[in-house]
Amino acid sequence: MKPTLFYDSKCRFCCFWAKRWEMKYGAYVRFQPLQEETNNSSVPRHELEKVVHLIFPDGAIYKGAEAVLHMMAMRSVGRSLLWLYQHIPGFAWFSERIYLLVTSCRACAWKFTKILFPSAK
C-alpha cells in the first residue's frame, strides 16, 4: 500500500505541483485532493488545508517541507535532501521556513511558477 499525499485542489499552485510530482512519484505515492469526499485522513481538514501532508499506511505522518522531502526520498534523487533535513542542524528549520513562505502567499508562488514554467496553466 502506498502513502498518500494530501493537497489542496482549490489552489492552482498546489495542483500544478501535485500533477508534476505525480508524474515522477506516482508509482510510490497516491495523490489525494483533500476536497474529495474519499478523504478519510486522521488529520483534521483545517490542518490539511494549511500544508501538504504525507500519510503512510503505518500511521506515520509528515507535513510541509518534510512531507515533500519524504516523498522525494522514495526515488534516489531525493534521499540526500532528506538526510540533510534529518541530520544537519538548521536545514530542517530553513526548509520549513521556505515552505511556509511559499504557503503564506500561494498566489505569489503561482505567479513565480508560471515564470519558471511557461507551460503552467
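**Notes on the helices, pocket and surface**

1. Phe94 belongs to helix 5, where helices (DSSP runs of H or I, at least four residues) and strands (runs of E, at least two) are numbered from the N terminus. Phe94 is partly exposed at a relative accessible area of 48%; buried means under 20%, exposed over 50% and partly exposed in between, with a 1.4 Å probe and protein chains only.

2. A word on provenance: this is a predicted model, in which local features need pLDDT of at least 70 and side-chain atom pairs pLDDT 80 or more, while totals for chains, interfaces and linings use all residues. Numbering runs from 1 along each chain as its sequence is written, and side-chain values use heavy atoms, without hydrogens or water.

3. Trp93, Phe94, Ile98 and Leu101 make a nonpolar surface patch of about 460 Å². Patch members have over 30% relative accessible area and no salt bridge, and nonpolar side chains are joined within 5 Å; a salt bridge is a Lys or Arg side-chain nitrogen within 4 Å of an Asp or Glu carboxyl oxygen. Areas follow Shrake-Rupley with a 1.4 Å probe.

4. Phe16, in helix 1, counts as buried at 15% relative accessibility. Its C-alpha atom is 8.7 Å from that of Trp110, 94 residues apart along the chain.

5. The largest pocket holds about 540 Å³ of space. Pockets are open sets of points on a 1 Å grid where a 1.4 Å probe fits, with protein on both sides within 12 Å along at least five of seven lines; lining residues have an atom within 4 Å of a point.

Definitions and conventions. Grid points are joined across faces, edges and corners, and a volume is the space filled by probe spheres set on the points. Patches are made of residues with over 30% relative accessible area and no salt bridge: like charges are joined within 9 Å, nonpolar side chains (Val, Leu, Ile, Met, Phe, Trp, Tyr) within 5 Å.
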